[in-house]
Amino acid sequence: SISISCEHPHAMTCLVFTVMCLTALEEATRECTLQDISAPTPPNGKPARFSIAGCKKLQVRSLPEDSIIGLANAIMAYPKLEDLEVSGSAINDTSVEILLDSLRLNNVIHSLALHNNQIRDDGAATIARFVNASRTVDRLQVRQNLISAEGAKFLASAYTMLKVFNGIDLATLRQKSSLHLADIGGITVVEATMLHELLHDVNAHQIESLDLGMYTMNNAVMKALGMNMDMAHDEL
């Protein structure tokens, strides 16, 4: 909370300062959706226009394909966004590059969610390069895309930068001596490839016990973890 006492003879100056403080506080916590940032529909043939000024967190769902450039322009014009979600949209390998390029001047973005899109392996490589270059993104969500084992390896190259990946709290797991995959849930090859980096992280707490649970029946996940069926029941 902010407490400011205004006394004569500088009451007006103090009042202006108070308003400025409250405005800044409001902007610092403002959460925006697509409806909040949309400008009037432009003439036919022109990209949609948006304004995200004052937004620290932006959640965009079901973004039309022809609006991606307009959104990218708005993001580039306001490099203070800290949390970006673009999900359930037409984001593919080409448009994710456009979107991430719009963040190149942003040095405060820390959370990026691009789940439920059409991103493939090339897009995964683009995302990994961005995360590694940004030095600020530590939360990444890319579930429900079209990323294969090859794309998962690209994403895993950003392991050291991430605290949370696809809902998995890597920061906490790095401090544990046991890992129970059943407690994580929803593990695909993409998450397993990232967990492979955790298991071989010399800077993390040594994993002494590994419970694979039902995933011992999933050959693709076992392979991504760096195991085979003969090793599936071993404890590290």
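Me: At 36% relative accessibility, how does Asp169 count?

Reply: Accessibility is read against two cut-offs: under 20% is buried and over 50% is exposed. At 36%, Asp169 falls in between, so Asp169 counts as partly exposed. Bear in mind that this is a predicted model.

Me: Where in the secondary structure is Asp169 placed?

Reply: Asp169 sits in strand β7.

Me: With which residues is Asp169 in contact, leaving aside its neighbours within four places in sequence?

Reply: Contact here means heavy atoms within 4.5 Å. By that test, Asp169 is in contact with Lys163 and Val164.

Me: How do Asp169 and Arg139 compare in sequence and in space?

Reply: Read the two separations side by side. Asp169 and Arg139 are 30 residues apart in sequence. From C-alpha to C-alpha, the pair is 9.2 Å apart in space.

Me: Let me step back to the whole chain. How many helices and strands does the protein chain have?

Reply: The protein chain has ten helices and nine strands. It holds 236 residues, and buried residues make up 44% of them. Now look at contacts between residues at least 6 apart in sequence: 70% of these join residues at least 24 apart.

Me: Next, backbone angles. Which residues other than glycine have a positive phi?

Reply: Ser62 is one of them, with phi near 55°. Asn166 also has a positive value, near 50°.

Me: Where do Ser62 and Asn166 lie?

Reply: Take the loops in turn. Ser62 is in the loop between β2 (57–61) and α3 (68–77). Asn166 is in the loop between β6 (164–165) and β7 (168–169).

Me: Are Ser62 and Asn166 buried or exposed?

Reply: Apply the cut-offs again. Ser62 has a relative accessible area of 54%, and over 50% means exposed. Asn166 has 2% relative accessibility, and under 20% means buried.

Me: Now helix packing. At what angle do α4 and α5 pack?

Reply: Start with the angle and the axis distance. Helix α4 (residues 93–101) packs on helix α5 (residues 121–134) at about 15°, and their axes are 8 Å apart. Angles under 35 degrees count as roughly parallel. The two helices, α4 and α5, are therefore roughly parallel to each other. Their crossing is left-handed. From α4, the contact uses Asp93, Val96, Glu97 and Leu100. From α5, it uses Asp121, Asp122, Gly123, Thr126, Ile127 and Phe130. Sorted by class, this contact of α4 with α5 has four nonpolar, two polar and four charged residues.

Me: How do the axes of α3 and α4 cross?

Reply: The axes of α3 and α4 come within 8 Å and cross at roughly 20°. That makes α3 and α4 roughly parallel to each other. α3 passes α4 in a right-handed crossing. Ile68, Leu71, Ala72, Ile75 and Met76 of α3 make the contact with Ser95, Ile98, Leu99 and Asp101 of α4. By class, there are seven nonpolar, one polar and one charged residues in the contact of α3 with α4.

Me: At what angle do α6 and α9 pack?

Reply: Helix α6 (residues 149–156) meets helix α9 (residues 189–199) at an angle of about 40°, with axes 8 Å apart. The pair is therefore oblique. The crossing of α6 past α9 is right-handed. α6 brings Ala149, Ala152, Lys153, Leu155 and Ala156. α9 answers with Val189, Val190, Thr193, Met194 and Glu197. The classes in the contact of α6 with α9 are seven nonpolar, one polar and two charged residues.

Me: How many residues of α9 are buried?

Reply: Nine of the eleven residues of α9 are buried, and the helix is mostly covered. Among them are Val190, Thr193, Met194 and Leu198. Glu191 is also on the buried list.

Me: Which residues touch the most other members of the largest nonpolar core?

Reply: A nonpolar core links buried nonpolar side chains by contact. The largest one has 64 residues, and Leu71, Ile127, Leu155 and Leu225 touch the most other members. α9 gives the most to this core, with seven residues.

Me: What is Leu155 in contact with, leaving aside its neighbours within four places in sequence?

Reply: Leu155 is in contact with Ala124, Ile127, Ala128, Leu140, Val142, Ile147, Phe165, Val190 and Met194. Val190 and Met194 belong to α9, in the α6 contact.

Conventions: Residues are numbered from 1 along each chain as its sequence is written. This is a predicted model: local features need pLDDT of at least 70, side-chain atom pairs count only at pLDDT 80 or more; totals for chains, interfaces and linings use all residues. Side-chain values use heavy atoms; hydrogens and water are left out. Axes are lines fitted to C-alpha atoms, for helices over the stretch in contact, and angles run from 0 to 180 degrees between N-to-C directions. Helices (H or I, at least four residues) and strands (E, at least two) are DSSP runs, numbered from the N terminus. Angles under 35 degrees count as roughly parallel, over 145 as roughly antiparallel, 65 to 115 as roughly perpendicular and the rest as oblique. A crossing is left-handed if the near helix is turned anticlockwise from the far one by less than a right angle, and right-handed if clockwise. Ala, Val, Leu, Ile, Met, Phe, Trp, Tyr, Cys and Pro count as nonpolar, Asp, Glu, Lys and Arg as charged, and the others, Gly among them, as polar. Buried means under 20% relative accessible area, exposed over 50%, partly exposed in between (1.4 Å probe, protein chains only). A nonpolar core is a set of buried Ala, Val, Leu, Ile, Met, Phe, Trp, Tyr and Cys residues joined through side-chain atoms within 4.5 Å.
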